[in-house]
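Reader: Hi! I'm new to this one, could you walk me through it?
Author: Happy to, let's have a look together.

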Amino acid sequence: MLQAKSLTLHYGSSQILHGISMNADLGAVTSVMGSNGVGKTSLLKVFAGTHPSSSGSYVLDGEDVSRCKPYELAVRGVGYVPQGRLIFPLLTVRENLETGFACLPSDERFVPDEIYELFPVLKTMLHRRGGDLSGGQQQQLAIARALITKPKLLLLDEPTEGIQPNIIAQIGEVISFLRNQKTMAIVLVEQYFDFAFGLADQIYAVKRGEVVYESRKSSIDKSKLRASVGV
């Protein structure tokens, strides 16, 4: 679903990514692991189109989308759950979910029942403002909003950050369910080692903007992976 080759990224004169290549397969979780400041979020911004790469190629479902705008990628099937969630605090839960309709044809602009099955708490809070929700509830809302767009590629940036353990477990169950549906590729950026490792099918460890270790989980050297990500 996703093929990235030799991606570089600059913020002004500073180079953040140094020739990153990776794949993300349909029906699989690709975990991108590493400590703070190594370029993981910047990589997702390339995939979401919010900060285009300086060089290299990014292919989505067989099409080179390296120069596409964020809204064009959203229409092509990229769902993005950014770090910090970025829900609209003054909109209701329902209105936040409905912002995802912009990517859909008019006859598909409704909230599927499956969204409330995955996140039942949202159904009880449809008329509450997003800013009044707890951090864990906002994270569930951010993921649900991305799923409204019916993504082929789901990008999750630190979904466990600042979240209570019971909600982390629920989010993990949702990611597992989505993977097993085999309708999307999932790229998970995460510092919480056990969470990222437990869900992963493919793992990339990033350090100073470069991939320093990669492996299928089935053939992973866990001690080498821990050393690569510094935990």
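Author: What follows is a short chat about some of the helices and strands. Keep in mind that this is a predicted model.

Reader: Great. Can we start with the sheet, what is the order of the strands in the open sheet of four?
Author: The order is E2-E1-E4-E5, and the pairing is antiparallel. Strands E2 (14-24) and E5 (63-64) are the edge strands, since each pairs on one side only.

Reader: And how many bridges join E1 and E2?
Author: There are eight bridges between E1 (residues 2-11) and E2, in the antiparallel sense. As one detail, Tyr 11 stands opposite Ser 14 in E2.

Reader: Which strands does H1 lie across?
Author: Helix H1 lies across E1, E2 and E4 (55-60), and runs at about 115 degrees to E1.

Reader: Why is H1 described as largely enclosed?
Author: Seven of the nine residues of H1 (residues 40-48) are buried, so the rest of the structure largely encloses this helix. The buried residues include Leu 43, Leu 44, Val 46 and Phe 47, and Lys 40 is buried too. Just after H1 comes Gly 49, with a positive phi of about 85 degrees.

Reader: Nice. Changing topic, which strands does E9 pair with?
Author: E9 pairs with E3 (residues 29-33) in the parallel sense, over four bridges. Within that pairing, Ser 31 stands opposite Ile 203 in E9. E9 also pairs with E10 (residues 210-216), this time in the antiparallel sense and over six bridges. Here Gln 202 has Arg 216 in E10 as its bridge partner.

Reader: How many residues sit between the strands in the hairpin of E9 and E10?
Author: Two, and Arg 208 in this hairpin takes a positive phi near 50 degrees.

Reader: Is E9 mostly buried or exposed?
Author: Buried: five of the six residues of E9 (residues 202-207) are, so this strand is largely enclosed by the rest of the structure.

Reader: Last topic: at what angle do H6 and H7 cross?
Author: The axes of H6 (residues 135-148) and H7 (residues 165-181) cross at roughly 15 degrees and come within 10 Å. Angles under 35 degrees count as roughly parallel, so H6 is roughly parallel to H7. The crossing is left-handed.

Reader: Which residues meet there?
Author: From H6, Gly 136, Gln 139, Gln 140, Ile 143 and Leu 147 meet Ile 167, Gln 170, Ile 171 and Leu 178 in H7. The residues of this contact are five nonpolar, four polar and no charged.

Definitions and conventions:
Residues numbered from 1 in each chain as written. Predicted model: local features only at pLDDT ≥ 70, side-chain atom pairs only at ≥ 80, totals over all residues. Heavy atoms only, no water. Buried < 20%, exposed > 50% of the residue type's maximum accessible area, 1.4 Å probe, protein only. Pairing = 2+ DSSP bridges. Axes fitted to C-alpha atoms, helices over the stretch in contact; angles between N-to-C directions. Parallel < 35°, antiparallel > 145°, perpendicular 65-115°, else oblique. Left-handed = near helix turned anticlockwise from the far one by under 90°. Contact = heavy atoms within 4.5 Å. Nonpolar A, V, L, I, M, F, W, Y, C, P; charged D, E, K, R; others polar.
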